[in-house]
Amino acid sequence: MRTKFILLSIVGFFTVFHLHAQQRASVSGRIIDAKTGLGLSGTSVYLPDLRRGTTADEKGGYQLQNIPEGRYLIEVSHLGYTSIVENIELKGNITRDFSLAPSYIENETVTVTGVSSATSTKRSPVPVNIVKKEDLFRNISTNLIDNLSRTPGVSQISTGPAISKPTIRGLGYNRVVVVNDGIRQEGQQWGDEHGIEIDEQNVNRVEILKGPASLMYGSDALAGVINIISIKAAHEGEITGNVTSAYMTNNRQRNLHAALDGNHNGFIWGAYGSYQAAADYKNKYDGYVFNSKFNEKNMGAYLGLNKGWGYSHLYISRFDQRLGLVEGDRDDATGKFLKQVNDGGTASTIIAGHSDFLSTDPFIPSQRVKHFKLATDNSFRAGKDRITLVAAYQQNQRQEFGNVLDPGQKGLWFDLGTINYNLQYHFAENKQWKTTAGINGMTQNNSNKGAEALIPEYDLFDIGAFLYTQKRWEDLTVSGGIRFDNRTIHTQELFDGINLKFAAFNKQFSNVSGSLGFSYQANKEVTLKLNLARGFRAPGIPELASNGAHEGTNRYEYGSVDLKSENSFQTDAGIEITTEHVSFTGNLFYNPIKNFIYYRKLSSVNGGDSLLMDGSNQFFAFQFDQGNAKLYGAEFNLDIHPHPLDWLHIENTFSWVRGLLNKEQDGSKNLPFIPAARLINEIKVDFFNNGKVLKNWYAKLELDNTFAQQKPFTGYNTETATPGYSLINTGVGGDILHRGNTLFTLFMGINNLGDVAYQSHLSRLKYTAENMLTGRQGVFNMGRNFSVKLDVPIRFSSK
């Protein structure tokens with residue numbers, strides 16, 4: 001599979017050189033401050049659909065050359081100013097000047113998620129949150145999803161500092177699609193014990209779409225999409241990069257990252273490398289949490305051409321993470337954590353010592369997660385139209401080590417190979433209509449190479465065809481489309497000795513989905529939005545074919561081969577109000593889901609619960625089933641800059657979701673994994689905005705309030721209620737300059753300043769063993785954590 005894809009990538013990468021010459025254009029001009037009339041040096045001018053951009057010189061002048069003729073969205077942005085996002089017709093050599101007004105509120109930006117081409121977020125009817133690189137730097141987090149969980153409507157199901165699974169509006173796992181540089185990430189996302197296999201230190205921007213996105217992404221985008229953009233090429237004639245380091249005191253986490261990118265006459269290139277390691281974290285109830293340590297080493301590179309006919313890029317990356325698995329077992333007398341050891345050929349446990357907590361190399365049990373990716377991203381003109389092709393090969397390997405007598409034995413070893421493809425034909429804009437037709441999907445093969453098997457080996461093939469269109473008027477934008485999908489799954493038979501563990505089967509799932517949305521700018525300050533979307537998700541392999549004990553729980557799970565696809569029909573309504581000193585965003589949603597998949601406890605033939613023995617352990621028997629469910633909720637954001645104290649920001653963010661089954665299961669109708677309501681209050685001060693040594697500094701104080709979750713899914717002892725808690729977080733940072741150039745940027749902060757002992761409702765460690773000494777159930781989240789980050793930019797001209 002890999003050899004075929006490499007050959008395909010090479011052919012696709014060089015085919016563009018044989019295309020007929022296309023008409024080329026250029027645009028140049030000057031960007032000024034609307035109040036002073038002075039040139040704005042450093043302003044970014046970017047064409048998202050072409051991956052092309054430049055930076056204004058010291059007088060505000062800019063120039064983009066060798067661009068395919070056509071109509072494109074252009075984004076002109078500068079820190080502290082209102083961005084300009086508009087469509088521009090590029091034909092021949094044109095001159096276009098821009099005037100940016102100072103602003104304390106970012107009122108418009110561009111999204112490429114859930115649409116066929118770059119679109120202003122104001123004109124997108126679907127709720128989209130943009131998280132920029134500087135936002136990621138300013139937050140303290142132990143992984144990327146932890147960082148993004150501050151976004152309204154986004155939460156994390158965590159298993160310690162290294163493992164976070166994203167949820168959007170109460171839905172996660174295979175109901176959220178993660179995209180990285182245009183490629184749908186595939187890596188056993190149904191599993192609990194690993195994250196998303198993307199180097200968080202190399203991320204430049206994240207776009208979070210909330211709501212069904214099956215129209216563009218097919219199956220699994222039932223809750224939404226997290227689009228992670230890692231690669232951002234240098235502007236023409238520049239070599240740029242950065243060296244970043246960070247340290248956190250709580251778990252001694254240390255990060256180091258270096259990247260370098262270049263662009264000379266349209267030939268672009270780049271490379272990066274990252275290292276990250278952490279010891280065990282601690283809190284005031286548990287002390288150090290044994291085996292919560294992890295380390296990872298990542299690297300990647302890209303090269304490509306940006307020319308008058310379009311662009312062609314080739315990416316390669318490698319992710320390699322080793323992480324410990326927290327079991328939470330303790331000594332009854334002392335309450336201290338236990339460590340597995342080989343005692344002369346016998347598996348035994350002893351109390352973990354102080355030096356065990358400080359190591360960054362995981363103990364048994366542990367995991368190693370490796371992810372290799374090779375991708376090609378292409379766009380070229382076809383007359384007045386445009387064709388884009390994205391293809392990728394991914395290999396995801398997850399290995400689990402659990403035998404202390406043979407530490408190298410791989411109890412589980414999933415080897416998943418995926419080929420992704422996405423071919424789109426973009427018709428030239430005509431009378432404000434933008435239309436795209438496309439085909440995308442993937443083919444997968446999963447092999448079991450470990451001593452055990454939780455799911456069968458299988459082959460999967462996905463294909464979907466869609467039509468998407470957008471019509472713009474002066475104040476109204478209407479967008480939507482329709483899609484047909486087909487998924488085929490074939491599994492392999494497997495015997496455990498003489499017993500049949502997995503029976504072979506063939507399944508096919510088809511679906512029609514679509515969306516229709518409106519964005520109406522009522523006046524200069526108010527935008528109203530409404531979106532209707534039908535999403536779907538085909539059952540995953542664990543739901544269809546599981547046959548084994550689910551570690552960390554008391555469940556032995558059986559799949560159900562007769563499951564049907566989940567279908568949803570979500571309604572989103574939103575309002576955005578932006579004035580000079582106040583911005584407000586509000587969203588309401590209602591999401592009924594047909595054939596929602598969940599598990600239920602089985603009964604024995606003699607009545608009572610069905611019990612199974614797996615080795616020396618006894619488990620309750622569960623089987624996946626389905627019924628109807630519904631979710632509804634709200635998200636609000638209010639950002640105030642009181643005049644004349646324009647340097648002061650008072651921001652308040654609130655999110656809430658409720659999930660219900662239509663039929664009660666074991667005494668509960670509540671859906672599992674529903675996050676508690678959350679309110680974040682932040683006061684931020686900006687200062688030294690135009691300093692000569694210190695520039696763009698900020699200081700912030702934050703109160704992070706998580707309410708009690710009193711409506712858990714109590715059926716089958718799955719969840720318990722979780723009390724609320726409030727955390728105080730602080731931060732300060734900014735640029736250090738020398739002769740007008742940034743030497744470095746410094747970020748410092750403290751999370752959980754009061755060292756509060758708390759448990760997140762979505763923390764899986766909440767349900768580990770009881771501490772018999774204190775009577776407390778499970779393991780608590782991280783205590784006080786001080787962080788310092790240093791980012792050193794690299795920039796010089798290659799002209």
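This is a predicted model: local features need pLDDT of at least 70, side-chain atom pairs count only at pLDDT 80 or more; totals for chains, interfaces and linings use all residues.
Residues are numbered from 1 along each chain as its sequence is written, and side-chain values use heavy atoms, with hydrogens and water left out.

Back to His194: a polar atom of its side chain also lies 2.9 Å from the backbone oxygen of Gln188. His194 is found in the loop between β16 (183–184) and β17 (205–210); strands are DSSP runs of E with at least two residues, numbered from the N terminus. Its relative accessibility is 1%, so His194 counts as buried, a label for anything under 20% relative accessible area with a 1.4 Å probe and protein chains only. Leaving aside residues up to four places away in sequence, His194 touches several others, among them Ile163, Lys165, Gln367, Val369 and Arg398, contact being heavy atoms within 4.5 Å.

Gln367 turns up again in the strands. In β28 (residues 366–382), Gln367 stands opposite Leu323, and β28 pairs with β25 in the antiparallel sense over 15 bridges; two strands pair if DSSP finds at least two bridges between them. On to another partner of β25 (residues 310–324): β24 (residues 294–307) runs antiparallel to β25 and is joined to it by 14 bridges. A hairpin links β24 to β25 through two residues, and Leu303 faces Leu314 in β25.

Elsewhere, four strands form an open, antiparallel sheet in the order β3-β2-β5-β6. β3 (52–55) and β6 (84–90) are at the edges with a single partner strand each, so one side of each has no neighbour in the sheet. Neighbouring strands of this sheet are turned by 25° against each other on average, direction ignored, with axes being lines fitted to C-alpha atoms. Seven bridges hold the antiparallel pairing of β5 (residues 70–77) and β6, where Gly70 stands opposite Leu90.

As for confidence, the chain has a mean pLDDT of 90, with 94% of its residues at 70 or more; pLDDT is the predictor's confidence in each residue, from 0 to 100. Residues 13–21 stay under 50, and the model has eleven contacts for them beyond four places in sequence.

Conventions: Axes are lines fitted to C-alpha atoms, for helices over the stretch in contact, and angles run from 0 to 180 degrees between N-to-C directions. Buried means under 20% relative accessible area, exposed over 50%, partly exposed in between (1.4 Å probe, protein chains only). A polar contact is a pair of N or O atoms within 3.5 Å; within protein, one must be able to donate a hydrogen and the other to accept it, and residues adjacent in sequence count only if both atoms are side-chain atoms.
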